[in-house]
Amino acid sequence: MPFFRKTRDSRLKTTIREVLRGCEAGRLQSVGYMQVIPLVSDLNDDRFVSPVQCDADVYTTSYGTLGFRNSSDSVMIVPCHAGYVVKQHAQDHAMAHAGVVAAAGDRRYDTAACIQASQGGFIKKGSYRMLILPHALREHALQKRGEKNYQKLWDDISVFNQRFGVNGQGHLEYFLKAFKKELDEFVAEFECVPRQVGAIVLVDDRVVGIERAPSHDYWLSIWPSLIRECYGSLAIEAAKANGDRAPDRSPRVQLPVEIASLDELESLIAEIASQEDERARSTVRELLDEPLDLQYEEAVSDRRVGADVSIDTATSEHFTGQVIRDGDKIVYASLPATSAFVKSQEWTRAEPFSI
């Protein structure tokens, strides 16, 4: 049975291993400073869709209020920190947390954040490309998830832009424009694999996030936003911090002076890839049994779909994010690493990796 233990203050506790129950680790993908371990599963819950899948109408009714119209027959899970940068004369907005909208439902969140300071106008109801906030902003957004203050991320965005040498106080779109080419490349370089429902993401050999979706189709729809703005921004920062030098992942395989055949070359390449795969997994191993505190946020029940879900904010020593449960089953999880953990240099050895 899944492990959800109540603590004395009535909060639930679980582990990262339980968040990933039913998943297996796929073959590592590595490009530059970013590495991705796909999470694959036969579990496929099509009762849940993303705003991208159902082509949801998104709109604002006031500064700090973001609305979603779900016209599908499934429950819509709005990913944690989903955002919208629109071309019309309107102020861009992002969620400070995840959301759930019942089938054929319409819901507004007045805890959203404007991510474009000093721009007036409301977003007209329509379908727009979804982003997920850059990794460095997500922890700040979650900490302010209950605040009804549309300006609550402006200072954080300003600091974020300054780190990248981008002008524009409180304007996230300036960063997106400045690094459009690099961000687009991440989407093209990392491909989803069959049955994939999530990923463990590493940057510069450090675990920076754990993501899980209710189905393969849901994952396909949100992956471009995760890999582009969220984790792509972190990989760009790692490259800048290292002077754009290539990451050092020197293989332990001793290359021969001469390679006799294509078969020998293929074997060497496979061995080098295997070693890099194992090196990435070794950084994940001890994290699997890390305790997660789950703080209840809200519940949404939709009898037509047969879903009774709750949103919990998850915190641990190294991660902070949200999970969505249908009873005891976790159907969605987004666990970005804390800024302190990302900066930490302490990595230790542990038992062999398994999920």
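1. Ground rules. In this predicted model, local features need pLDDT of at least 70, side-chain atom pairs count only at pLDDT 80 or more, and totals for chains, interfaces and linings use all residues. Residues are numbered from 1 along each chain as its sequence is written, and side-chain values use heavy atoms, with hydrogens and water left out.

2. Confidence. The protein has an average pLDDT (the predictor's confidence in each residue, from 0 to 100) of 87. A score of at least 70 is reached by 83% of the residues.

3. Where pLDDT is low, the predicted coordinates should not be read in detail.

4. Helix α6. Helices are DSSP runs of H or I, at least four residues, and strands are runs of E, at least two; both are numbered from the N terminus. Helix α6 spans residues 216-241 and bends by about 50 degrees at G232. The bend is the angle between axes fitted to the seven residues ending there and the seven starting there. Just after α6, G243 has a positive phi of about 65 degrees.

5. The sheet. Three strands form an open sheet in the order β6-β9-β12, with mixed pairing. Two strands pair if DSSP finds at least two bridges between them. The edge strands, β6 (48-49) and β12 (99-101), each pair on one side only. Strand β9 (residues 75-78) runs antiparallel to β12 over three bridges. V78 sits opposite G99 in β12.
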